[in-house]
Amino acid sequence: MWISESRIIVVMSGYNPIFLVILSLVIGFVIRWLLFKTGLIHSIRKVLRRVQDWFHVYQFLKVPEFNEAMQRNHFHRKVSLYLHSLPSLEDADFTNLVSGHDQNDIVLRLDPNQTIEDHFLGATLFWFEQKTQPDRISSFVLKIRKTDKRRILRQYLRHINTVADEMESQRKRHLRLFMNVAAGEGGRGETRWRSVPFTHPATFETIAMEKDLKNRIKSDIESFLKAKQYYRKLGRAWKRSFLLYGASGTGKSSFVAAMANFLRYDVYDVDLSKIRCDSDLKFLLMETTAKSIVVIEDLDRFLEPEKESAVTVRGIQSFMDGILSACCGEERVMVFTMNSKQWVDPNLMRPGRVDVHIHFPVCDFSAFKTLASSYLGVREHKLFAQVEDIFRHGASLSPAEISELMIANRNSPSRAIKSVIGALQLDGDGRKYAEMIGRQIGVDDVDVQSFGGDELSTVKDSRKFYGFFRKRNGRRTNYPKI
């Protein structure tokens, strides 16, 4: 026995040390490859986690999507933002691939069968998602050791709030446009709002509005954003309401889009025709979020005496300034649009319900220059004097009508401006000046452009185009200016 052992020692001592080093490196590489390339390390971690679970007592905390009153739980949204930013999401067994706010972006989303872990102040925490059947209402569940709960839970929840708020501010919020669906279209427990990305390009620089008025509105909005503590001091809800009134096509909807882009607020477009009662309207308000603009368009149409509507005037008044509006209207802007406010009960528009009234008139020369700059890239032109003269003599068109003419002739600014002049000649208010303007624009001033071999003069072509435009949209109603 002693002889055999001595032989083994002799044999081992006979190996070259360099060979032993190489052999150990090869064995280490094989072990590393088995652990990380074959997924063995993940299986070992699972086994170790289960062994640890045998020696610890856990508590489960649920974060539901809706509370008991079926109001949306805003902390659920923050937890979702936080969890989807964790690096451990990439290492999970189940992960959903979905398109992001940009359709070209692919992002990871938590799967209901998936558990991810997080580390905070030396503690390991586990998250997974549950969805109830058949409503598919989401809930996030936090699994935490009881020994860690008292030590870190409050700090951990504050940490989630802080990180989620920073994420929203850093990405400047991808805006959404929300539209309400009719009662019964959403499943039990589901929200009545459906949303799409809000990509409207309108800004305060591109809308046609008097410069001084535009600056005053921007100043008012900026003052509102900074006045949270001031409103609290006064005991008032931190919200602002606007009434936009004017004929169709004067830019009210574009103004709402410009306001949303300026504030970086989501837009909730309320369709009153899909509301079944006053309480239904209140329920929709409860489901809106902070940093949003709530819009009701063509409100005067639903206030007409002969108009049958499920929503009453009292319901709309409560929506504007009721207790629910004060409780659920924080950090919101409400916008109501009308074609005319002449026949609307003044009590509906009193201060407190509507803070700012903005009239959108038909286009004047100042608005025309703004449109020419935005649509044609022209700030000055030799024909501007003629346009100003015909506006001064009473001709008028809506900004939408002028912008359509500019879009149709965008390749030639001169042709576009002459098309506008031709359309102004056909307008009822400026028709008596048509002969005078026609003499000012001579034959030599008319651009000729080839379209498939047919040459059309600017004025003649613009008259045909504008006649078709007026036929489709009907005669514009001249509302009295208030």
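Me: How many helices and strands does the chain have?
Reply: Helices (H or I, at least four residues) and strands (E, at least two) are DSSP runs, numbered from the N terminus. The chain has 18 helices and 15 strands. This is a predicted model, in which local features need pLDDT of at least 70 and side-chain atom pairs count only at pLDDT 80 or more, while totals for chains, interfaces and linings use all residues. Residues are numbered from 1 along each chain as its sequence is written, and side-chain values use heavy atoms, with hydrogens and water left out.

Me: What percentage of the residues of the chain count as buried?
Reply: Buried means under 20% relative accessible area, exposed over 50%, and partly exposed in between (1.4 Å probe, protein chains only). Of the 482 residues, 41% count as buried.

Me: Which residues of helix H9 are buried?
Reply: In H9 (residues 278-286) they are Asp280, Leu281, Leu284 and Leu285. Viewed down the axis of H9, these buried residues fall within an arc of 145°, so they line one face of the helix. The arc is that of the directions from the helix axis to the C-beta atoms.

Me: In which sense do S4 and strand S5 pair, parallel or antiparallel?
Reply: Strands of a sheet pair through backbone hydrogen bonds, either parallel or antiparallel. Two strands pair if DSSP finds at least two bridges between them. S4 and S5 (residues 123-131) pair in the antiparallel sense over six bridges, with His119 opposite Thr124 in S5. The two strands form a hairpin with two residues between them, and Leu121 in the turn has a positive phi of about 50°.

Me: In what order do the seven strands of the open sheet stand?
Reply: The order is S8-S7-S10-S11-S12-S9-S13, with mixed pairing. Strands S8 (193-197) and S13 (356-359) stand at the edges, each with a single partner strand, so one side of each is left without a neighbour in the sheet. Within this sheet, S10 (residues 266-270) and S11 (residues 292-296) run parallel, joined by five bridges; Asp269 has Val295 in S11 as its bridge partner.

Me: Which strands does helix H6 touch?
Reply: Contact means heavy atoms within 4.5 Å. Helix H6 (residues 211-225) packs on the sheet and touches S9 (239-245), S12 (332-338) and S13. The direction of H6 makes about 160° with that of S9. Axes are lines fitted to C-alpha atoms, for helices over the stretch in contact, and angles run from 0 to 180 degrees between N-to-C directions.
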